[in-house]
Amino acid sequence: MGIELLSFLKGKKKKQASNKGSGLMTLEPEKVPVYTPGLQADGTVVRLVSNRKIKKPYRVSGIDDVASKNNWKAWLYLAPVIILVTIFLLYPLINTIFISFTKNYNYTTGKYDGFTLENFGIILHMIPYKSSAGEAWETSFTSNAIPNTFIITFVTVPVSIFLALIISVALNSIKAFQRFLQTVFFLPYVTNSIAIGMVFSVLFDDAGLINYIFGLQHAGPNGGPMQWIYNTPTAIAMIPLCLFIVWNSIPFKILILLSGLQGIDKQYYQAAQIDAAPKWKVFGRITVPLLSPQILYLMITSFIGAFKEYNSIVSIFGKKGETMAGQKNMYTIVFYVYDNISANTSFAAAAAVFLFIIILVFTFIQFWASSKRVHY
Amino acid sequence: MSKTATATYIDFADVRVNKNLVLSITESSKTVDQIKSAEKVSHIIFTILTYAFIIALALIVIFPFYWMIITSLKTYNEITQENQTFFPSVVMWSNYVYVFQHFNFFVYMKNTIIVAIFSTIGTLLTTIFAAFAFSRLQFKGREALFMVFLATMMIPGEMMVISNYITVASFGWITSSTHTQTITEAYAAMIVPFWVSVFHIYLLRQNFKQIPNELYLAAKVDGKSDWSYLWKVMVPLAAPTLISISILKFMGTWNSYVWPNLVTELPQYRLISNGLRESSFQNADLGTIEYGYQMAASILVTVPLFLLFVFFRKYIMKGVGRAGIKG
């Protein structure tokens with residue numbers, strides 16, 4: 001601080017104060033009386049001391065003083081992102097909620113017949129859908145989309161997290177070929193899900209490998225082969241679908257869990273070894289609790305992902321999302337949204353808002369439930 | 001305390017005690033060597049079991065890829081016969097010839113690459129600028145704005161699709177009663193909405209924040225502007241993250257199905273996933289799906305991603321794994 005005071009005494013202070021963003025601390029000039037250090041004429045001794053107020057700390061180091069304080073420049077850097085986020089993220093969010101409360105929204109003209117709460121009632125099968133052709137019930141949302149979405153979510157998420165946990169613990173415990181096997185388990189991540197979904201539909205075909213291996217070539221209706229994908233009830237078609245989703249979602253989970261495992265301090269395991277703790281106890285008492293942040297993260301992201309399942313259904317069952325013609329029996333909530341975008345925009349918006357609320361509720365439940373069990 | 005201690009400890013230096021003391025360590029009548037070798041055996045057995053488990057699962061994981069390859073090389077009759085074969089009896093390279101003739105692979109590939117390149121460039125630019133502003137520049141409401149950005153990651157993309165579709169239509173990029181979509185408009189509709197990725201901004205901001213302040217101060221001393229500091233120092237230093245972002249973006253475009261399907265009018269404007277799903281490869285006479293052709297097309301779609309993975313494995317796994325780091 002002596003340097004600043006000296007430079008002030010030499011009269012350079014003004015120049016520095018005007019030099020915006022140069023970063024050196026500023027002193028208010030009028031508060032520092034001008035003395036020449038040393039013995040004064042009246043006999044007092046003047047020493048170089050700072051009369052800086054203690055409340056205001058110096059800020060000569062660090063980025064704050066050097067960083068440009070030109071607000072408009074920062075906003076210029078942010079302008080493209082802000083514009084894009086507003087147009088393609090924030091506005092659509094509000095607009096979708098808005099559309100969900102309009103009647104017969106026309107997406108090409110933007111016209112609608114007033115506001116209503118009916119859309120939610122119609123898609124949730126509470127009130128009939130009135131049109132010029134008469135009354136009709138919208139059934140595919142409650143009878144197909146919601147149950148299918150929940151089945152997919154509550155089957156694939158626990159199964160895939162559990163499998164990923166076991167695989168990554170096993171991978172972490174071996175030495176030879178660890179990197180190689182890790183890469184193998186990552187492979188499903190770098191594939192086109194449409195292409196691999198088609199492979200699954202070949203595997204589960206009437207004349208496919210699954211029927212051949214498990215001897216199901218005469219287990220189907222009328223002594224024919226087992227039907228997994230075509231002309232089969234939803235419950236059976238869920239099996240190849242859930243297998244595919246689990247297969248497809250495991251690599252990401254293994255990657256996350258493995259990096260979490262490698263971050264665990266070895267001392268915990270050494271302590272357990274000294275106590276001769278059995279392996280399953282080590283897994284339950286050390287590994288899982290210490291991995292709980294990663295597991296929570298995976299729970300939340302994969303719940304959200306499973307609620308939005310769409311591509312996997314298209315890739316196995318085709319664009320219509322059904323195993324039986326006209327039944328729409330493999331619909332999920334997102335499938336319903338996409339299917340109705342142009343024909344019934346208001347319904348699609350209501351379904352999207354419904355999905356949004358479900359996801360929010362589930363995310364908060366998980367945060368709440370985990371607040372005591374996750375160890376950071 | 002010291003009194004009780006003297007009562008319990010054995011003074012080994014005491015000759016009288018030592019005479020009568022026999023120290024024997026036994027555990028269930030086994031010697032130390034026996035226990036050691038038993039532990040070794042159980043360790044070996046456990047390792048073998050672990051390897052067996054992992055290798056079995058790894059085989060299951062890669063099996064669909066294997067099946068895709070051999071099915072693409074089989075005849076139709078071999079694919080549908082009752083006894084499945086694990087290796088094609090006749091290797092049918094002609095399946096690929098057929099696919100190249102009937103599946104517009106190169107058209108879809110061209111569309112996908114164009115869309116991938118332009119959306120990646122756009123994303124990189126907006127991400128770099130925003131991450132720079134959030135990590136280096138000072139302005140009022142910086143943290144609040146960043147929190148708003150992070151909050152948008154919670155919103156499911158499906159919420160946006162409806163309105164984005166309407167927005168893109170209002171830009172005149174979609175076929176309407178008065179307008180027919182051109183290929184440039186189709187590209188624009190597939191590129192522009194994806195020019196921003198909050199997650200990538202977050203990722204790059206973290207990376208920029210790790211660059212020491214001293215570099216910035218040094219650049220300032222040398223009279224460099226923020227702009228040239230960003231491009232000459234920060235961007236080169238964050239190159240690994242930028243490569244990760246580019247590859248993940250490219251993979252995203254390669255796999256995107258829903259949006260291109262919604263906003264494009266003609267099949268030849270669409271991307272590779274759409275092309276694969278829409279090419280039915282149906283036998284004209286029987287109406288059955290020609291799985292051999294379908295699998296050959298699937299391989300063509302999968303191989304470029306695989307090559308990308310082979311060359312950029314480190315960046316891909318790092319970029320994906322970064323998502324799981326807490327904080």
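Colleague: Is Asn104(A) buried, partly exposed or exposed?

Modeller: This is a predicted model. Asn104(A) lies in the loop between H4 and helix H5 (118-123) of chain A. A residue counts as buried with 20 or more other C-beta atoms within 10 Å, and as exposed with 12 or fewer. Asn104(A) has 15 other C-beta atoms within 10 Å, so Asn104(A) is partly exposed.

Colleague: What is the phi of Asn104(A)?

Modeller: Asn104(A) is not a glycine, yet the phi is positive. The value is about 50°.

Colleague: Where does His125(A) lie, and is His125(A) buried, partly exposed or exposed?

Modeller: His125(A) is a residue other than glycine with a positive phi, near 60°. The position is in the loop between H5 and strand E3 (129-131) of chain A. With 16 other C-beta atoms within 10 Å, His125(A) is partly exposed.

Colleague: How are H10(A) and H13(A) oriented to each other?

Modeller: Helix H10 (residues 234-262) of chain A packs against helix H13 (residues 292-307) of chain A at an angle of about 160°, with the axes 10 Å apart. Angles over 145 degrees count as roughly antiparallel. H10(A) is therefore roughly antiparallel to H13(A).

Colleague: Which residues of H13(A) make the contact with H10(A)?

Modeller: The crossing of these two helices, H10(A) and H13(A), is right-handed. H10(A) contributes Ser249(A), Lys253(A), Ile256(A), Leu257(A) and Gly260(A). By class, the contact has four nonpolar, four polar and one charged residues. From H13(A) come Gln294(A), Tyr297(A), Leu298(A) and Ser302(A).

Colleague: Which helix of chain A supplies the largest share of the side that touches chain B?

Modeller: In the model, 83 residues of chain A are in contact with 75 residues of chain B. The chain A side divides into 61 nonpolar, 17 polar and five charged residues. The largest share of that side, 19 residues, comes from helix H4 (residues 71-100) of chain A.

Colleague: How far apart in space are Ala116(B) and Trp254(B)?

Modeller: Ala116(B) sits in helix H6 (residues 105-136) of chain B and is buried, with 22 other C-beta atoms within 10 Å. Beyond its neighbours within four places in sequence, Ala116(B) is in contact with Phe250(B), Thr253(B) and Trp254(B). Ala116(B) and Trp254(B) are 138 residues apart in sequence, but their C-alpha atoms are separated by 7.6 Å.

Colleague: What is the make-up by class of the contact between H6(B) and H10(B)?

Modeller: H6(B) passes H10(B) in a right-handed crossing. The contact includes Phe132(B) and Arg136(B) of H6(B), and Leu204(B) and Phe208(B) of H10(B). The contact has eight nonpolar, four polar and three charged residues.

Colleague: Over which residues of chain A is the pLDDT below 50?

Modeller: Chain A averages a pLDDT of 81, and 82% of the residues score at least 70. One stretch falls below 50, although this stretch has 32 contacts in the model beyond near neighbours in sequence. Where pLDDT is low, the predicted coordinates should not be read in detail. The stretch is residues 1-27 of chain A.

Technical notes
Residues are numbered from 1 along each chain as its sequence is written. Chains are lettered from A and ligands numbered from 1 in the order in which they are written. This is a predicted model: local features need pLDDT of at least 70, side-chain atom pairs count only at pLDDT 80 or more; totals for chains, interfaces and linings use all residues. Two residues are in contact if their C-beta atoms, placed from the backbone, lie within 7 Å. Helices (H or I, at least four residues) and strands (E, at least two) are DSSP runs, numbered from the N terminus. Ala, Val, Leu, Ile, Met, Phe, Trp, Tyr, Cys and Pro count as nonpolar, Asp, Glu, Lys and Arg as charged, and the others, Gly among them, as polar. Axes are lines fitted to C-alpha atoms, for helices over the stretch in contact, and angles run from 0 to 180 degrees between N-to-C directions. Angles under 35 degrees count as roughly parallel, over 145 as roughly antiparallel, 65 to 115 as roughly perpendicular and the rest as oblique. A crossing is left-handed if the near helix is turned anticlockwise from the far one by less than a right angle, and right-handed if clockwise. pLDDT is the predictor's confidence in each residue, from 0 to 100.
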